[in-house]
Amino acid sequence: MLAAFAHPVFDSQRNFRELLQAMARPIAPRAMPVLAPAPAPILPASMAALLTLCDADTTLWLQQPNDAVAMHLRFHAGVRLVQDPADADFALITEPASMPPLTMFAHGDLRYPDRSATLIMQVDGFRGNAGKRFAGPGIRDVEQLLIEGLPGEFWQQRAAMSAQLPLGVDLIFISGQRMVALPRTTRVLED
């Protein structure tokens, strides 16, 4: 079995602070400070996010589950794996082209909008000054970013979900060692 963080408490704290900063400043690529060894198909930055966010009180849905990944996550995080995306607090998407629709994940309800899923999605890359334009809390004026490797219908699904605020899902995109957060409160502007 692969190791996890060399210094679990301090490494998790560093990653958690950076994940909070990513959510507070959406669409700005940030580096994951401490990576974690990961069995395929999980990237080390994705594993670092999972080990930081998941514990015995959370549930996780894996798009591509396998025994090595399940054993690694259960041992190091104590997380419970679920079969149905709607039952997950967190979900790991390793192949966005074949991911289930966003409507399959927990969106919360009006009394408890926080009972929704956070999706960690491995993507091909990020390119500034291209792609979609974004506005909302934590963004001064407008930010523009191309998130490479998303399925064609992704942005239509996200737009339909935005109409249901405060319900929705939060997204963390990971490419290599970098991450970009897209909270449900961030608006995608019309082209």
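**An enclosed helix and its surroundings in a predicted model**

At 70% relative accessibility, Ala 97 counts as exposed (over 50% relative accessible area is exposed, under 20% is buried, and anything in between is partly exposed, using a 1.4 Å probe and protein chains only). Ala 97 sits in the loop that runs from strand 4 (90-93) to strand 5 (118-122). The model is a predicted one, in which local features need pLDDT of at least 70, side-chain atom pairs count only at pLDDT 80 or more, and totals for chains, interfaces and linings use all residues. Numbering starts from 1 along each chain as its sequence is written, and side-chain values use heavy atoms, with hydrogens and water left out.

As for the overall build, the chain has four helices and 10 strands; these are DSSP runs numbered from the N terminus, with helices being H or I of at least four residues and strands being E of at least two. Along the sequence they come in the pattern α-β-α-β-α-β-β-β-β-β-α-β-β-β. The radius of gyration is 16 Å, which agrees with the value near 16 Å for a compact globule of 191 residues (taken over C-alpha atoms, with the globule rule being 2.2 Å times the number of residues to the power 0.38). Taken along the principal axes, the C-alpha atoms fill a box of roughly 45 × 30 × 30 Å. Buried residues account for 47% of the 191 in the chain. Of the contacts (heavy atoms within 4.5 Å) with a separation of 6 or more, 63% link residues 24 or more positions apart.

Helix 2 (residues 44-53) is largely enclosed by the rest of the structure, because nine of its 10 residues are buried. The buried stretch takes in Ala 45, Ser 46, Met 47, Ala 48, Ala 49, Leu 50, Leu 51, Thr 52 and Leu 53. These residues pack against helix 1 (8-24), strand 2 (59-62), helix 3 (67-77), strand 4, strand 5 and strand 8 (170-175).

The largest nonpolar core has 28 residues, and Leu 73 and Ile 120 have the most contacts inside it. Such a core is a set of buried Ala, Val, Leu, Ile, Met, Phe, Trp, Tyr and Cys residues joined through side-chain atoms within 4.5 Å. Two or more residues of this core come from each of helix 1, helix 2, strand 2, helix 3, strand 4, strand 8 and strand 9 (178-182). Helix 2 gives the largest share, seven residues. Leaving aside residues up to four places away in sequence, Ile 120 touches Ser 46, Ala 49, Leu 50, Leu 53, Ala 91, Leu 92, Ile 93, Ile 172 and Ile 174. Apart from this core lies another, of 27 residues, including Ala 88, Phe 105, Phe 134 and Leu 171.

Over in strand 2, Thr 59 is buried, at 6% relative accessible area. Again leaving out residues up to four places away in sequence, Thr 59 touches Val 79, Arg 80, Val 82, Asp 87, Ala 88, Asp 89 and Phe 90.

Most residues other than glycine have a negative phi, and most peptide bonds are trans. The bond from Ala 40 to Pro 41 is cis, with omega near 10 degrees; Pro 41 lies in the loop between strand 1 (30-31) and helix 2. The bond from Leu 165 to Pro 166 is also cis, with omega near 10 degrees, and Pro 166 belongs to the loop between helix 4 (154-162) and strand 8. Ile 27, in the loop between helix 1 and strand 1, has a positive phi near 75 degrees and is buried at 2% relative accessible area. Asp 141 has a positive phi near 60 degrees, but this residue is exposed, at 66%, in the loop between strand 6 (125-135) and strand 7 (143-148).
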